[in-house]
Each structure stands twice: as structure tokens, then as C-alpha cells.
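Morning, everyone. Today I'd like to talk about aromatic rings. Have a look at this one with me.

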Amino acid sequence: MAKKQKKSKAKAAAKKSARKVVKLSSVKKDKSGNGLPKMSSKPYGRAGKALTGVRILDFTHVQSGPTCTQLLAWLGCDVIKVERPGVGDITRGQLVDVKGADSLYFTMLNHNKRSITIDSKHPQGMRVLEALVKTCDVLVENFAPGALDRMGLTWERIHKLNPRMIVASVKGFGPGPYEDCKVYENVAQCAGGSASTTGFREGPPLVTGAQIGDSGTGLHLALGIVAALYQRNSTGRGQKVLTAMQDGVLNLCRVKLRDQQRITKGPLTEYSQYGEGVPFGAAVPRAGNDSGGGQPGWILKCKGWETDPDAYIYFITQAPVWLAICDLIGEPTWKTDPEYATPRARLPKLKAIFARIEQWTMTKTKFEVMDACNAVDIPVGPILSMKEIAEEPSLRKTGTVVEVDHPTRGKYLSVGNPIKMSDSISEVTRSPLLGEHTDEILKDVLGFAAKDIAEIKNSGALSAPKKEEKAA
Ligand code: COA
């Protein structure tokens, strides 16, 4: 009996110390009686992180899900990544650049997390998973459709174990004809409308380097999770949050759906195709480097373009600075010439106008063009290579590009948290090794007694199957 009491006391203490959940009832109220929390007297940046106290059961892999949970970890969540014993997230071993070390693919998507290995298809593994479900606030997953259910973790089961749990999923498609399909980045870019509207009119559809299908969807999901956590404060219960990659990409392509409706009313006059006299078809065409807004823009060559593939600049002929542009490129008569003086007059001649501006940009480096243009408020964007971005001191200073140390791969560069908050400072810590935190999570987070831990471990639920077993 005494032993039993001791055990449950230890369990409770472990639970308490590990969760560190900020209970609403423990937040000091403002004296005015308005029900708001008392304003912190701590200096800015010292009052914890925005999502401190939120614990995530991170059942994600590859890119979309890990992007989401990494963002949440930067914002202060305790993110516990569940990985398959012996294998882990498949990206650990993909695009390997340092033999024997986790790849950059993995390390750059899993900062600030803890890793536990669990075979979810083993009864003892499910015992640990269920304990995690009971103690976490959010389960995030991006398995193929139906995989979570096949493990036995249906919404009903999860909700029964922990009615407050939020279950957040990335899937390729929402409900409909393709809901059972597996999806990767470029599939989503194609199905979400991005590829058909990217590239040059004369060429095939193009995918973009920005991972709008994976990382973009992870970002959407993170917002859904934060909103669900906020709503839980008033409802007291969890909910399902679903972001389909097709939907996420389409949301980022919303200006193209805008144009799809406009095209039925007449030509898209800001597309250079209009100025070139090429008729529009039934669907929004690829627009090359045309700007997606009302201010015409194009990518122009700069000094050195013959040998440097990134010696280019994006130049916007914004109407309010047209006079400054004319002066800069040496065409002062265009300021008053009715053929050039108004945006409407310029529309059919944009190709020729940009060719003239390019004659000027080709006399300067992209950074010289940037200096000259910004001095008179002309918006331009130098085409920065990844090498230039990696070496840019200002990005290092803000923590957008950070150097991280890792025990098996050494120092590497990563992208830090792009969301800067004045009272919730994020630091970037390295990604976990496979199963690095298994013991501490079993003991400190879940409060399992040594005997139970031994039982679970001996069952093989947390370790890779031995070679002979694998072969059998
Ligand atoms: N223990 C035991 N089994 C595990 C496990 C664990 N810890 N973690 C995963 N598994 C199992 C799953 O249960 C599943 O088994 P099942 O098919 O028998 O049910 C299996 O591993 C494979 O999972 P799955 O998600 O199908 O992986 P995949 O490599 O075949 O497919 C994707 C990868 C990304 C295509 C797919 O997960 C997917 O479409 N996800 C949703 C969309 C998405 O996020 N895509 C972008 C990824 S960046």
C-alpha cells in the first residue's frame, strides 16, 4: 500500500514538474477587476515565450508537418517528436552530406524539439502513445490519409483519452475525389494552381523553389493550432484542425483566382501579354516575371549578367515614382510625353519601356541599382543568390540566418524563426538525435516508474527490431 502511494506520489510530482502548464486560474488578475491578467513587471523578452506551457505530440515527418511543429517550438511549445525506432523521420537519411550524421534536410526542420522512439504498432508502444495523448495539448500529424486511424488513434479514441486535445493534420487534399492520395510538395504546387500560373507563356508549367506546398501548409496549420488553443480557453475542448496542401497553395495563389474571374470580363491589361497583342485564352496564363499587382514590374539584367546568373534586379515602375524613373534612366521627356506620362498609356509599351530601363540597369551592379533607386523611393529587388543570403551580415544579426552546432555534424547554417516578437524571444537549438530524449520523456513527462520503463523497453516497443527479426 505504502509502495503504491509512493509510486502515485512520484508520478504526480513528475507530471507536475514536467508539464509546467500555465493554468489560467494561476494568472494574476489586474486589480481593476476587468478580468485581464496583471501586466508583467518583467523586462520585455524575460516573461517567457508566447506558447510556454503548451505541449505538442509531434507525429510529423518529412517537411510540411515538421515545419509547423518547429514554428510552434520556436514560439515556446514543448515539442515531443515521436519517431519510428531505428529509422526515425525518413529525412534524417535523405540528401546526406556528412556521412553518419543527420542530414541538413532533417536538422533544418526539427530545431528545438525532443525525440522519442516508439513503435506505434506495438501494444507497449501504444501504451506510451496513449500516455502522451493524455498529457499533451496538441497532436500534429501528416501521415498518409487513414494511417493514424489504422494505428488505432482515431479522433474518437483520442477525444476519449483527452477531450482537450487538438488533433491537427496536414493532408494532400481535403474531402473529395482525391482525399486518399499521398502528396508531396510539387504535387500540391500543381494541384493548387501555382504551376499553371508560373513560368513563361511559351514554356511548360513551372514549380517554384519556395516550398509553398510543404512549408506553406505547415505555416497555415500552425495558425490553425494557435487559434484552436485560443478557442479551447472558452470551450474547454479540443477540435480537429485540417490543412490540405492543395488549399494552402491555392490560398497563396489567390491573386490568380482573382485574375481568373477578371479574364471573363476582358483582357488582363497589366500582363505583358496584353501589350504584346497576344490574345488571352480561357484560363489565367503564365505571366513570366510580370508583377501580380497593379504596378508593372519585370526582372532586368545588371552589370555582370553575362557571367553571373544572379546579376539581375526586379524593377517596379510604380506610378507615383514614374518621374524619378524617367530622370534616373535619362528619359526626361517621358515625364510629359502623353505616350508615356500615364500608366494607361504605358501599358501597351511595357516591354519596350523595360528594355530601355534595362539599358540603364546593365551599366550598374544590382546593388548600385538598388542604392540609386532607393534614394528616390523606387522599389527594386536584387536577385540574391543563396550564397549571398548565407553570407549577409544583417540576416545573421537578426537571427534569420543562424549558425547551429550539432554533435555529429558540427556547425551548420539554418534559417531561424522568421517571426520576431518583442516579448517572446526565440533561440534556435539543434535538432534532437534519434530517440535522444526517450528516457527523460518516459520518466519526467509521463511519470512512468522504473519498473514500467523496463517493461516497456524489454518489450522492444522503443527499439529497432534486431536484424534476424527484421529478416523474418
Ligand atoms: N511506428 C510504427 N509505424 C509507424 C510509425 C511508428 N512510429 N510512424 C509511421 N508509421 C507507419 C504508419 O502507420 C504507416 O503505416 P500503414 O501504412 O501501415 O498504416 C507507415 O508508417 C507509412 O506512413 P505514410 O504516412 O504512409 O508514409 P509514406 O512514406 O508512405 O508517405 C507521404 C509519405 C508524405 C507521401 C504521406 O505521409 C502523405 O501523403 N502525407 C500527407 C501529406 C503530406 O504531408 N505531404 C508532404 C510531406 S512533406
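**Rings and their partners**

Let's start with tryptophan 298. Its relative accessible area is 24%, so tryptophan 298 counts as partly exposed. Keep in mind that this is a predicted model.

Now, how many aromatic pairs are there? The count comes to six. One of them joins phenylalanine 200 and tryptophan 298. The rings sit edge-to-face. Their centres are 6.3 Å apart, and the planes make an angle of 70 degrees.

Where do the partners lie? Phenylalanine 200 is in the loop between helix 7 and helix 8, and tryptophan 298 is in strand 7. So the pair ties together parts 98 residues apart in sequence. Phenylalanine 200 has 41% relative accessibility, so it is partly exposed too.

Next pair: tryptophan 322 and tryptophan 334. This one is stacked, at 6.1 Å centre to centre, with 5 degrees between the planes. Tryptophan 322 belongs to helix 12. Tryptophan 334 is in the loop between helix 12 and helix 13, and the two are twelve residues apart.

Are these two buried or exposed? Tryptophan 322 is buried, at 2% relative accessibility. Tryptophan 334 is buried as well, at 10%. The cut-off is 20%, and both values fall under it.

There's a third member here. Ring pairs link Trp322, Trp334 and Tyr340 into a cluster. Tyrosine 340 also has lysine 349 over its face, 5.6 Å from the ring centre.

Last stop: lysine 301. It lies over the face of tryptophan 305, at 4.0 Å from the ring centre.

Definitions and conventions
Residues numbered from 1 in each chain as written. Predicted model: local features only at pLDDT ≥ 70, side-chain atom pairs only at ≥ 80, totals over all residues. Heavy atoms only, no water. Phe/Tyr/Trp six-rings, centres within 6.5 Å; stacked < 30°, edge-to-face > 60°. Helix = DSSP H or I, 4+ residues; strand = E, 2+ residues; numbered from the N terminus. Buried < 20%, exposed > 50% of the residue type's maximum accessible area, 1.4 Å probe, protein only. Lys NZ or Arg CZ within 6 Å of the ring centre and 35° of its normal.
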